[in-house]
Amino acid sequence: ALSPSRHKAVVSTQSTGITPGLLAVLHKQIRSHETVQVEDLKTKWEQLSLPNDRLQEILRLGNFVADVKWLNFLSLACTSLEGNLTDAVTLLCKILTKDPEGGPARIAYDLFKQLYTYLAEVDGNITQEHIESVLAYLD
């Protein structure tokens with residue numbers, strides 16, 4: 001059973017049709033796969049009543065055609081909910097962490113480095129020097 005706070009997070013919002021809770025549900029369904037077929041992802045997306053236009057936008061942004069690298073897709077989906085890279089990565093960590101809810105939302109540093117670098121490169125406005133300085137700070 002879902003706790004009241006988690007239940008609220010799972011209910012889709014009218015404005016975007018996508019919530020952090022729904023992304024977490026999708027991740028639980030797919031997380032055991034490094035890659036997922038676009039058609040399988042589309043089916044699971046539709047089962048959660050998520051809007052097709054948002055799916056197409058994320059697929060286009062990530063240049064996903066047939067095979068989708070799941071964590072890259074999830075990362076881009078987080079950016080579609082948050083206004084900046086820092087908030088998107090924070091949300092991503094909350095979804096990926098194995099820590100209890102309300103805890104520090106830790107993930108492995110190598111995974112963080114991989115996903116942060118991917119998002120920063122997709123963003124296109126973040127210099128390689130900035131990416132390297134952020135990662136050096138965290139090392």
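The legends below describe close-up views of a predicted model.

**Figure 1. Overall fold of the predicted chain.** The secondary structure comes to eight helices and two strands. From the N terminus on, the elements run α-α-β-α-α-β-α-α-α-α. The chain has 139 residues, and 36% of them count as buried.

**Figure 2. The largest nonpolar core.** This core has 39 residues. Leu41, Trp45, Leu59, Val68, Trp70, Phe73 and Tyr116 touch the most other members. Several helices each supply at least two residues of the core: α2 (20–30), α3 (38–47), α4, α5 (70–81), α6, α7 and α8 (128–138). The helix that gives the most is α6, with eight residues.

**Figure 3. Surroundings of Leu41.** Leu41 is among the core residues that touch the most other members. Residues up to four places away in sequence are not counted in this view. On that basis, Leu41 touches Leu26, Ile30, Val36, Leu55, Leu59, Val68, Trp70 and Phe73.

**Figure 4. The largest cavity and its lining.** The structure holds one cavity of 30 Å³ or more. The volume of the largest cavity is about 30 Å³. Its lining consists of Val89, Leu92, Cys93, Ile107, Phe112, Leu115 and Tyr116. Two helices, α6 and α7, each supply at least two of the lining residues. By class, the lining has seven nonpolar residues, no polar residues and no charged residues.

**Figure 5. Thr97 in the loop between α6 and α7.** Thr97 is placed in the loop between these two helices. Is Thr97 buried or exposed? Its relative accessibility is 16%, so Thr97 counts as buried. The Thr97 side chain has polar partners in the backbone. A polar atom of this side chain lies 3.0 Å from the backbone nitrogen of Asp99. The side chain of Thr97 also reaches the backbone oxygen of Arg106, at 2.8 Å. Leaving aside neighbours within four places in sequence, Thr97 is in contact with Ala105, Arg106 and Ile107.

**Figure 6. Ala105, a non-glycine residue with positive phi.** Phi of Ala105 is about 60 degrees, a positive value, although the residue is not a glycine. Ala105 is found in the loop between α6 (85–96) and α7 (109–123). With a relative accessible area of 17%, Ala105 is buried, because buried means under 20%. Ala105 is also in contact with Thr97.

**Figure 7. Asn63, a second residue with positive phi.** Asn63 is not a glycine, yet its phi is positive, near 55 degrees. Asn63 lies in the loop between α4 (52–61) and β2 (67–69). Is Asn63 buried or exposed? Its relative accessibility is 65%, so Asn63 counts as exposed. Ala105, by contrast, is buried.

Key:
Residues numbered from 1 in each chain as written. Predicted model: local features only at pLDDT ≥ 70, side-chain atom pairs only at ≥ 80, totals over all residues. Heavy atoms only, no water. Helix = DSSP H or I, 4+ residues; strand = E, 2+ residues; numbered from the N terminus. Buried < 20%, exposed > 50% of the residue type's maximum accessible area, 1.4 Å probe, protein only. 1 Å grid on protein atoms, 1.4 Å probe; cavity = no way out; pocket = protein on both sides within 12 Å on 5 of 7 lines; lining within 4 Å. Points joined across faces, edges and corners; volume = space filled by probe spheres on them. Nonpolar A, V, L, I, M, F, W, Y, C, P; charged D, E, K, R; others polar. Core = buried A, V, L, I, M, F, W, Y, C linked by side-chain atoms within 4.5 Å. Contact = heavy atoms within 4.5 Å. Polar contact = N/O pair within 3.5 Å; in protein donor to acceptor, adjacent residues only side chain to side chain.
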